[in-house]
Every structure is written in structure tokens, then in C-alpha cells.
Amino acid sequence: MSTPSRHRGTEFDRVPGPTQRTLITNAVVVTMNDAHDVHFDGVVAIEGDRIAAVGPSADVLARFRDGARIIDANGGAVMPGLVDLHYHTAIGRGWSDHLPLLQILQQFWYPVVRAIDPEAVYWAALASYAESIRCGVTTVNDMYRHIDALGQAAEEIGIRAVLSNIVADDEHGLDSLEDNASGHRSRHGSANGRVEVMVGIEWLPLASIGLLRDASELARDLGSGIHIHLNESVGEVEISKEKFGRRPTEVAYECGLLSPGCVAAHCVWLSDTEIGLMRDTGTHISHNPTSNAKLGNGIARVLDYIQAGINVGLGHDSTEGVNTGDLFEVMKFASLMQRAVRMDANLLQAGDLLRMVTRNGSAALGHETGMLAQGRKADLIVIDLDDVGFTPLVEGNRNQLYSHLAFAAHGRAVTTVIIDGTIVMQDRELLTVDERKILRKANEAFVRTLDRADVGSVQTIV
Ligand SMILES: [Zn+2]
């Protein structure tokens, strides 16, 4: 693996020292705090990796202007970076769009991830993270293979990453708990704590009771969280009932996997009993509506989960599954699907969606991000509001601004991204990596992996 060249700015310019001060001026500051404060003529002050102040321009400038580097937001919205709560680095987008979940896993995804080598993971992760950063995602909860390669990619590009392995019983040729423990030893807490490692479990069809119990014990030993797929499809629930005599979330509960450190992905088909187990254990849910729809898995009862008091964030899953890493799209469809299926236009409003994609995702991972407030980690994005897609916008109108951000925005509206106090993208240019080289290398890695996996025959034929 080689280190991509930095082609703009110096290390000193980009990476904050402990006291380096940055001001984002001329901004509409969307704080996502409890009061939903928006400062229409606002400034965010950053010192080192944390937010030092948020508020009206006159107030913050008076206190923080001295010695500060200025980023002019040009009247754009500044909001917390988005948290993609269920994520897989992806290498093979656009290959088998016609297959339902079990078939796409067995005929395409598992063969590809079994064949992938660390160098291919490194380039695939860089390409995936580059797309996410371009779409305003500052944190990914990434379950994939070869944590060292993932960690190196995350460290270099500058994204906040929580990594886990695709752990399954040995006969499936994926990852072991030892792989995951080794990844934890080598990468957990690296890059100023920006890269973390938790324990992953692929899903119950590939796991024994022994493995599930060992996974919860490992997570306890490491003091780490757990990332698991649960109740994604009707087929998975049926397999679980046949294999274990119980539904997936009931088995996960009995094996000690559910806790406030656990992120359960999908949860499309939870029974009332399973909703109660999620709530009682403080488990977080990643709702992934676009993935669930495209793979034909159904529409989760997400409003019932929220009503029960479960913390629900949003994820895109993978671009093999859903073709885009744009979390703005996921946010919009989360609402549209509930409204369509329940025939109620009052459901999941803009403020609800913006909370899910920022604060809720951050809380699920135990992070100090997700809100623009003094003392929080400086993970934030700038959105160009001078765009036909955000017209009209009545000055000072928070509700219309929220509506634009939740229902009209796309990732391409994001101009600047700051993560852990470091400018990772400015004026739509990634500063940390050579993006063209990444895309070329990721393409080469796919062709090489495809050849080794021998899955060319499952390509969608148009
Ligand atoms: Zn997934």
C-alpha cells in the first residue's frame, strides 16, 4: 500500500494544533441542539479538535477573531456532519441489481468479500469514504474485512470511522472473533481517537450460539460495542426460527448481545416482543430504508420503534446494495416510505429526520458529535444554499430551511467538510487524498477481485 500524495495545503494548514483556532463565518448555523437554535448570521469557532463557540456573528467574532484562520461559508448552512450508522465499504456497485437479499449475498457479495485482499480493501475503503465525505458524512459505522487496511484508509482520508469485522462461523470463510480482536489491538483509538473498533457479527444465519456468546464476551473484555444485522428480511427470521427455535432478536438477547453499546442494523421485521427487548436493553437501531426497499426486504415499523423510546439513526448499508452513499437520499426516503405506507403526510418531519441523521447516529456510537455546541467534537459540514434546489428560501425562516435540508438537499450541495477540527474537503476538493488515483485504483481492485471471486455470471442483464 502506498500513501496517497497530498496535493493541496500543508500538514500545518490542515491539521489543527491543540490551540489552532478556526472561524467559520458568514454562515447559517444549524446547531441541532435541544432548542433547535439556528443562527442566521452566525459563526462557529473551532479550537483544535473541538467547537469553542457557536452563536451570532458579533458575539463570537468579538471573542475569537484574534489569530484565527477564517473559512467564509458564503451564506451557506453549517450543520453537524452526518452519521452513517450502518455501512459497508463497497467495491462492486452496479453489478447485480436484480437479486434479492439471500441470493445477492450467496452469489455475489460473499464470494467477493471472501476473495478481497487487504490492498483492494484499502482502495475500496478510500473510494467509499471519499464518496461519503463528498455527501457530508463525517462518521461511518463500517463493517467489513481487513481492519488494518480500513483503518489506514480512514486515518489518511480523515473520516471518523467505527470499524468491525464480518464475523461468522469458521465454515463460511469470512472473519473470526480473533480477526476482530486483532483489529482492535492494532487500530482502536488511532488518529486522536477518530478510528475505533467494535465487534461485528454478520448475522444469525451464519452464526452459532457459541459464536454469539463468545462475541458478547469479547465485546465485554474489550470494552467495545457490537455491530450486528438483525431481522433484515422475512427469510432471515424464518431461518432463525428453524435453526434456533426463536426469532433473531430473541436469540441475540439471550446471548447477551443487546446493550447500549449495540447497533442493530435493519430491524425490518421486529415482533412486539423484540421491540420490547430492544427498548429494555437500550440497543440502538440503524434504519436503512433505501437498502430495505431496493433489496425487496420491506418497510420497517420505524415509528413504533421511536414511539417505544428506541434511539434510531440512519444508514445507507452498502453501494452494492443501494448504489449511492448519499445519506440525504436515505433521510428523505425514510420519511417518504412511512408516509406512503401509512397514508399520513404528517409522519417523520424535517426536524425528526435531521435529528436521526446527526444526533441519533452520534449517540448510538457514544460520540461527542452530532450537535454544534461548545465542547463538542468539531465534525461539521457547509452546505451551499445559493442553489436552485433551495429556492425560495425566506430569510430567517427555520422551518423552510429544515425542509430544504431534509427533503431537497443532495450530497452534491456539500461544499466543505471538517472532521475532528481538520479541513478534509474545501470548496468541493478533497484535501487529504488524490481522488483520481483512488478511483482508478478502486476500479482496478474490483476487476482483480471479480476475477478471483468468479462471479461475473450474476451481473444484471439489461
Ligand atoms: Zn449491512
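# Reading cavities, cores and salt bridges

The largest cavity is lined by 16 residues, and those nearest its centre are Leu101, Leu105, Trp109, Asp317 and Ser318. The model is predicted.

Me: How many cavities of 30 Å³ or more does the structure hold, and what is the volume of the largest?

Reply: Rolling a probe the size of a water molecule over the atoms shows where empty space is left. In this structure, three cavities of 30 Å³ or more turn up. The volume of the largest cavity is about 200 Å³.

Me: Which helix gives the largest share of the lining of that largest cavity?

Reply: Helix α3 does, with five residues. Both α3 (101-115) and α13 (319-322) supply at least two residues of this lining.

Me: How do the lining residues of the largest cavity divide into nonpolar, polar and charged?

Reply: Seven are nonpolar, five are polar and four are charged.

Me: What lines the second largest cavity?

Reply: Its space comes to about 40 Å³. Among the residues lining the second largest cavity are Tyr87, His88, Ser128, Glu131 and His316. Helix α4 provides the largest share of that lining, three residues. By class, the lining of the second largest cavity has two nonpolar residues, six polar and one charged.

Me: Now the nonpolar core. Which residues of the largest core touch the most other members?

Reply: The largest nonpolar core has 126 residues, and Tyr129 and Ile383 touch the most other members. Helix α4 (residues 118-134) gives the most to this core, eleven residues. There is also a second, separate core of 17 residues, which includes Val44, Val78, Leu372 and Ala378.

Me: What is Ile383 in contact with, leaving aside its neighbours within four places in sequence?

Reply: With those neighbours set aside, the contacts of Ile383 include Gly76, Met79, Phe328, Leu405 and Val414.

Me: Is His184 buried or exposed?

Reply: Look at the relative accessible area, where buried means under 20%. The value for His184 is 11%, so this residue is buried. His184 is found in helix α6 (residues 177-187). Beyond its neighbours within four places in sequence, His184 is in contact with Val197, Leu222 and Ser224.

Me: How many salt bridges does a search of the whole structure find?

Reply: Side chains of opposite charge can pair when their charged atoms come close. Here the search finds 26 salt bridges. One of them joins Asp34 and Arg359, with the closest N and O atoms 2.8 Å apart. This pair links distant parts of the chain, 325 residues apart: Asp34 is in the loop between β1 (21-30) and β2 (38-47), while Arg359 is in helix α15 (residues 350-364).

Me: How are Asp34 and Arg359 classed by accessible area?

Reply: Asp34 has a relative accessible area of 66%, so Asp34 is exposed. Arg359 is partly exposed because its value is 23%.

Me: Are Arg145 and Asp175 buried or exposed?

Reply: Both are buried. Arg145 and Asp175 form a salt bridge, and their closest N and O atoms are 2.9 Å apart.

Me: Why does the pair of Asp420 and Arg160 tie together parts that are apart in sequence?

Reply: The side chains of Asp420 and Arg160 meet in a salt bridge, 3.0 Å from N to O. Asp420 lies in the loop between β16 (414-419) and β17 (422-426) and Arg160 lies in strand β8, so the pair ties together parts that are 260 residues apart in sequence. Asp420 and Arg160 are buried. A network of salt bridges links Asp49, Arg160, Lys377, Asp379 and Asp420.

Conventions
Residues are numbered from 1 along each chain as its sequence is written. This is a predicted model: local features need pLDDT of at least 70, side-chain atom pairs count only at pLDDT 80 or more; totals for chains, interfaces and linings use all residues. Side-chain values use heavy atoms; hydrogens and water are left out. A nonpolar core is a set of buried Ala, Val, Leu, Ile, Met, Phe, Trp, Tyr and Cys residues joined through side-chain atoms within 4.5 Å. Buried means under 20% relative accessible area, exposed over 50%, partly exposed in between (1.4 Å probe, protein chains only). Helices (H or I, at least four residues) and strands (E, at least two) are DSSP runs, numbered from the N terminus. Contact means heavy atoms within 4.5 Å. On a 1 Å grid over the protein atoms alone, a cavity is a set of points where a 1.4 Å probe fits but cannot get out, and a pocket is an open set with protein on both sides within 12 Å along at least five of seven lines; lining residues have an atom within 4 Å of a point. Grid points are joined across faces, edges and corners, and a volume is the space filled by probe spheres set on the points. Ala, Val, Leu, Ile, Met, Phe, Trp, Tyr, Cys and Pro count as nonpolar, Asp, Glu, Lys and Arg as charged, and the others, Gly among them, as polar. A salt bridge is a side-chain nitrogen of Lys or Arg within 4 Å of a carboxyl oxygen of Asp or Glu.
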